[in-house]
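Visitor: Got a structure open here. Can you walk me through it?

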Amino acid sequence: MTRYQHLATLLAERIEQGLYRHGEKLPSVRSLSQEHGVSISTVQQAYQVLENLQLITPQPRSGYFVAPRKAKPPVPAMSRPVQRPVEVTQWDEVLTLLDARTDKAIAAFGGGAPDITQPTLKPLWREMSRIAQHQVMDALSYDTLPGRRELREQIARLMLDGGASVSADDIVIASGCHPALALALLAVCQPGDIVAVESPSYYGTMQLLRGLDIKAIEIPTDPETGISVEALELALEQWPIKGVILVPNCNNPLGFIMPDARKKAVLALAQRHDIVIFEDDIYGELAAEYPRPTTIKSYDIDGRVLLCSSITKTVAPGLRVGWIAPGRYLDRVLHKKYAAIGTNVPGTQLAVAAFIRDGHYHRHVRRMRQVYQQQLETYTCWVRQYFPCGICVTRPQGGYLLWVELPETVDMVCVSRALCRLKIQIAPGSLFSASGKYRNCLRLNCALPLTEANREVIKQLGEAIHNALEA
């Protein structure tokens, strides 16, 4: 943590504890500089952070004062989806969202891209350059079917942080978490099968099920603790479900971390009904607290958990490096990979393996946890400031995604169409449901930098929602 971030955190804690009261004048920049032995610019940066969080307000020629405390919006209630198998829809809307990725003029708050501008990524770019100069034959040759062993060994080390003890031979490299999940589904399911999902659930997963002709059954999900074990058990008793797809750590889109007791309960339920768990751990490394949370895979004793992940959200999506630890389905995953994909790109695998091995990956992830946590807090403050009353907002425990629930009269699908004309892209909540629920919700990507331009975008978004309420 930088000096200004440390000072901002200290002052924020004092405000929260009531040591600085509402309306009270804060110490001057000069006095704080002397008290903490930091530069005046460091204090000014810390005060800017607190101002962005709306904890303090500046008054010309008078200094900084503690801002009035606003009540936090409540967290959304547990979801109530239709609990029957359905065919996934929304493909055209998702395609529109994907097409916008290449338009630099669009404020892309609807996607899930991470921040790739941080200086902690420079060692990775240098490693890629070194490989291009000195290992060009390795980089341009065919890969082995499971993927480069150097990378699989490093991934096995990373998985230990989540409690899962696997070897390099238990891991298969894929070109991202999405392809890894596709391999997992291909290895287990047939067209027409039923898979249970959290509700809401990532739209990419929804469209993957649609593409494989697999039906989804949405299970009620709590925004703070995850999927309802009781509702899942009821569904398993009623329908021939093959497996359940879970994002238990820093969930997309709700941001929760499932408690360990619930992870164990879901696994026990899977064992009792002899189904598999497709675990998506793509955001797990970005948990706000350290050490990172455990994976369901860490409790797996009979190989029924197929864990999928990648560096798409922690490092960069363009590297296309992901993996799957498929447990008892290893041979089937390898066969499906050979049939559907073939091998992967060796060059980026070698670069990522070195990035992890030399300690740069962990340094980068530590930095991004702090960056994203601050940005989530600031974007949440902007949402509270510019959105209408009566909203519910998640409190993510990691990652960089924010889920906002608006009054039921607001149709975010219509609002998003209007925002397109302003070059603002959001993800309406209906994309995160197989049956098109959550039209009054939206997901925001808070990995975008905290600039005045982005603050203005959130303000325009709030105005569009106000207009929708009044229409």
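Guide: We'll take the core, then a sheet, then a surface patch. Keep in mind that this is a predicted model.

Visitor: Fine. Which residues touch the most other members of the largest nonpolar core?

Guide: Met159, Leu185, Leu209, Phe278 and Val315 do. That core has 72 residues.

Visitor: And which helix gives the most to this core?

Guide: Helix α8, residues 177–188. It contributes 9 residues.

Visitor: How many residues are in the second core?

Guide: There are 33, in a separate core. Val94, Ala231, Val244 and Leu269 are among them.

Visitor: New topic. What's the strand order in the open sheet of 4 strands?

Guide: β12-β13-β16-β15, with antiparallel pairing.

Visitor: Which strands stand at the edges?

Guide: β12 (392–393) and β15 (427–428). Each has a single partner strand, so one side of each lacks a neighbour in the sheet.

Visitor: How many bridges join β12 to β13?

Guide: 2, and the two strands run antiparallel. β13 covers residues 401–405. Cys392 sits opposite Glu405 in β13.

Visitor: Now the surface. Which residues form the nonpolar patch?

Guide: Val136, Met137 and Leu140. Together they have about 340 Å² of accessible area.

Visitor: Is Met137 buried or exposed?

Guide: Exposed, because its relative accessible area is 61%, and the cut-off for exposed is over 50%. Met137 lies in helix α6, residues 136–140.

Methods: Residues are numbered from 1 along each chain as its sequence is written. This is a predicted model: local features need pLDDT of at least 70, side-chain atom pairs count only at pLDDT 80 or more; totals for chains, interfaces and linings use all residues. Side-chain values use heavy atoms; hydrogens and water are left out. Patches are made of residues with over 30% relative accessible area and no salt bridge: like charges are joined within 9 Å, nonpolar side chains (Val, Leu, Ile, Met, Phe, Trp, Tyr) within 5 Å. Accessible areas come from the Shrake-Rupley method with a 1.4 Å probe; for residues, only the protein chains shown count as cover. A salt bridge is a side-chain nitrogen of Lys or Arg within 4 Å of a carboxyl oxygen of Asp or Glu. Buried means under 20% relative accessible area, exposed over 50%, partly exposed in between (1.4 Å probe, protein chains only). A nonpolar core is a set of buried Ala, Val, Leu, Ile, Met, Phe, Trp, Tyr and Cys residues joined through side-chain atoms within 4.5 Å. Two strands pair if DSSP finds at least two bridges between them.
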